[in-house]
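I opened the notebook to look up salt bridges, a pocket and a surface patch. My entries follow.

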Amino acid sequence: MKNTVILLLLFVLNLINHPGSAQIYPYSHYSSKQGLVNSSVYSIMQDHKGFMWFGTENGLSKFDGINFTNYSQEELGISTIITSLTERDSAHMYIGTRSEGIFLFNYESGSTSKINKTPMRMCSELQLHGNKIHSIHPFNLLETLNLKDSTSNIIPVPENNAPVDIIKTQNGEFIIGTSKGLYRLENNKLHKIAIEGFRDISAFSLFEEQDGSILIAGENAIYSLRNNKISVVKQLFKNTSSRIFNLLRDKRNNIWFSVWGNNDLFMINGNNVVNVSEKMGLNKGTIATIYSDRAGNIWVSILGKGIFLFANIDMRMYPETPDFQNTSIHAIIQPDEKWMIFGTNDGLVTLDQSLNTSTSVKFFPDYFEFVKDLAVIDSSTLLVATSEQRLNGKLSDELNINGTPFKVHYLVCNTIFTGKQFIYSGGWNNNVQLNDKNTFLPAGELTDIFEAQNAADVRIRDVSIDKNENLWIAGQQGLCIIDREKRKWFPEGEFQNTDIADLNWINDSTAALLSAKGFYLLTMQQTPPYAKVKSFTELKKPSCLLFFNENEYLAGTGTGLLYHINNESIWLKPDDGLLSETINDIYYDQKTNKIWIASSEGFMEMNPDAIRNIANTTIPINDIQIWYGDRQIHAHENMEVPFGGHTLSIKLSAFYFANASRIQYQYQLNDEPWVTLSQGKIEFAAAGYGTYLIKVRAGISNGKWGPEKTISLQIAPPFYRTWWFYLLTFAGFLFIVFFFIKKQISLAEKKQLEKNRIEQKLVELQQKALAGNLNPHFVFNSLNSIQHFINSHQPEEANDYLAKFSRLMRMHLNAADKSFIPVQEEINRLEYYLSLEQMRFGDKLQWKINLDRENGLTEIEIPNMIIQPFVENAIWHGIMPSEKNGQVILNFRKMADGTVVIEIIDNGVGVELPLKEKKNGHQSKGMKLIQERLQLLDPSSNAFFTIENASPGTRIRLQLTPKMYRLASNSSPLPH
């Protein structure tokens, strides 16, 4: 009965499109439109920093992943094609040309200098060998340039053995591939490598593998040479004669090559030989070279078309082609290991994985076959969920997949789930239809699943059964769990009354509910309501989920693919190789470890390790350029520049050619928080002086940061901020303070000197006044003596006395304005005075003056009129009252301490009688004036003169300290 129904319902399978190969690899294309100096690229090289260099027909290009820096032929001084590039050191590379020889290029200045002095032919495949450069002209000759003398010579090649390729092996050997076997280059001679079974087989291209074996591209085959034994890696193009060139094995173990003549690019992936040019539509163009950079990216140059970069070989895209037009994919299913089936917005697409060919299938051309979901029953029946009402229950003709006939059965529903007994199909009216799994006959219906208001039109999004045989139904009103007793349960959570788009089981006890807000993890329980919220992850525009485990998952959204692992997330966009940002479904095949992604622009396959590699990719800072104003500073561990107030600029370069737009940079200044840069440039405007300890790093946006590099830059302080300037300023300040203090001291000293001068003048005036006070006393006494002679009728004596008195008065008047007079002059005056007194008293008075002429006593000046009053007192108060003859003795001497002692000694009545007279009202005004004068001269002295009995008579001891007398030649006081 079943077969009869099937035969009646079978329609002839209508293939809308013929089978086609839609698969392509993600790639980036760079030509002169994108900035290349010329679209015909003949040579490719990556330098030690990571920059890519392209030698072209019209100059040289440097590429950082975003921008090109070009050097024209005129700038290089080269007028021919650049055929080869090889790095000499960190500052230079060699450029091989078609007809002008070899040039040395300076990275920093961009200048070139020609190396060879003698003419050279086409310099391809440059290989450095000490002081030599080996180059080859394919199918022509092998040439060596001696760098010591810049001369070249051609290495003889056996007749008819045209050299084609040259490599330098890990052990330093140079192997030459020729049209008739392999040769080893030693001492500028070729030595045939004897290989059994491979003596004269062509070797058009050579590639050394990591294990030291050598891949050899011959005619129609690729060989492997290891330990001098040859083996066939792949036999190719059996029906044609094809020379294989540009041989290369990438890091993913794919073998790349091109074919001379048809110029196609091929890749051997496992056992499959993929014509990459055909799939890319690039089968018209000569392939000049294939190059693998250090990250494993493949660069292919096609003359006239520029550079093609293959950075995501682990991803294969199936976009819209003439053979595959319904590219909006909504559902994926895998009936067996060979075939994949995709549901589109109008029909199906089948993919033969062994042949990488896809076929568009539509069984009912007159109907709109919008495929909502797919399911397989017993590996013999394909269930298709569709929204087209007219297709409900229709059975198509058989679809032969890998020899197995599949019956394609259509159900009008939104989702399909196949249980052990029933097929559950969720609809648009808050219901789930049950069909018998074997007969497809209706077996019941679950209605009014969600009980909220206006729930009649609730769409059922997904249906599943847990390990306890509870039915989980997700829809626009949340989650409903129906147990084996047909009771409905609604677990608590914010997901209730929310549209749940997808239901996924992570394991037997954990489910993920995908809502418009994100997804919830629910833990299954043994008792009602059978589920409890474990966690919630916010996610915008989610469409599907794929869990590898609870800590690693993929989330498809309307804005890209999110990969999450261990609390870290990274977004993948079309720039990373995706066909579209709009992801509709994800399928994972554990056996083949492949992920299939359905998008709005086709489907694609990828290895999950490719996504993991992107997430784990760390990129270092490869180049740092530092500028301080117009001065470039070469980065090293410690740098110091003089202060100039300029802008400090730091240009960072890191390389992620797979998607250079994802590179981001951060810097940290002096342990402050990290700062993210929109571009790799740091600028400090008008950078001040001090230490700049800058850490920098690069990373992929939403990915991991690469290793840190530290820049230690010291901007020296300006001169007015240096220690020596501070020292000079402080010294200058001290000098100013010292000068000011000295000036103030000098002014004070001048003021003090002026004050002292005034005071001295005042003292002198006072002394003169005091001296003047003595004159009337002396004159009075002298006039008394003259009067005595006249009254006693002694005219001759009076005349003699008067002559001497006048002489004495003249001497006194001459010294009247002097405060100090020489000792000898004072003695002369005293002698006149004593002579006058002796004339008056006769034999009653005798006198004697003793002068000690040692110790410079005669070279000083003493205060004027300080001795005469004491002599006068000795005569009048000492000798005159005595009844016997008297004598006055004057002694002048200078003591060791500089004190001048003047003694006036008489043998008169002594001190007692004069004291009695004093009591009777007589006062010695002269002695008082002398004491005041001497006190003015030396206020610190307290011993001016002493009076004591001499038994008989009186001894007066007058002491003049050094401040009380002066040098005869100077008016200043003597030093003391």
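The model is predicted.

**Entry: K681 and E683**

I looked up K681 and got a relative accessible area of 44%, so K681 is partly exposed. Its salt-bridge partner is E683, with the closest N and O atoms 3.3 Å apart. E683 comes out at 48% relative accessibility, so E683 also counts as partly exposed.

**Entry: R893 and E903**

Next I took the salt bridge between E903 and R893, where the closest N and O atoms are 3.2 Å apart. E903 sits in strand β70 (residues 900-906) and R893 in strand β69 (residues 886-894). They are 10 residues apart, and the pair links distant parts of the chain. E903 has a relative accessible area of 6%, so I noted E903 as buried. R893 has 27% and is partly exposed. I then followed shared partners: R893, E903, E948, R955 and R957 join into one network of salt bridges.

**Entry: D576 and R662**

How many salt bridges does the whole structure hold? My search found 28. One of them pairs D576 with R662, the closest N and O atoms being 2.6 Å apart. D576 lies in the loop between β53 (568-572) and β54, and R662 in the loop between β60 (648-653) and β61 (663-669), so the pair ties together parts that are 86 residues apart in sequence. Are D576 and R662 buried or exposed? I found both buried.

**Entry: second largest pocket**

I turned to the second largest pocket, which holds about 1,500 Å³ of space. It is lined by 47 residues, and the closest to its centre are D373, D462, D502, N504 and D585. I sorted the lining by class and got 25 nonpolar, 10 polar and 12 charged residues. Which strand gives the largest share of the lining? β50 does, with 7 residues. Strands that each supply at least two lining residues include β34 (371-377), β42 (460-465), β46 (500-507), β50 (542-549) and β54 (583-589).

**Entry: surface patch**

Last, I checked the surface. A nonpolar patch of about 900 Å² is made by F643, Y689, F719, Y720, W723, W724, L727 and L728. W723 lies in helix α5 (residues 723-791). Its relative accessible area is 65%, so W723 is exposed.

Definitions and conventions: Residues numbered from 1 in each chain as written. Predicted model: local features only at pLDDT ≥ 70, side-chain atom pairs only at ≥ 80, totals over all residues. Heavy atoms only, no water. Patch = residues over 30% accessible without salt bridge, like charges linked within 9 Å, V, L, I, M, F, W, Y side chains within 5 Å. Areas by Shrake-Rupley, 256 points an atom, 1.4 Å probe, with all protein chains shown as cover. Salt bridge = Lys/Arg side-chain N within 4 Å of Asp/Glu carboxyl O. Helix = DSSP H or I, 4+ residues; strand = E, 2+ residues; numbered from the N terminus. Buried < 20%, exposed > 50% of the residue type's maximum accessible area, 1.4 Å probe, protein only. 1 Å grid on protein atoms, 1.4 Å probe; cavity = no way out; pocket = protein on both sides within 12 Å on 5 of 7 lines; lining within 4 Å. Points joined across faces, edges and corners; volume = space filled by probe spheres on them. Nonpolar A, V, L, I, M, F, W, Y, C, P; charged D, E, K, R; others polar.
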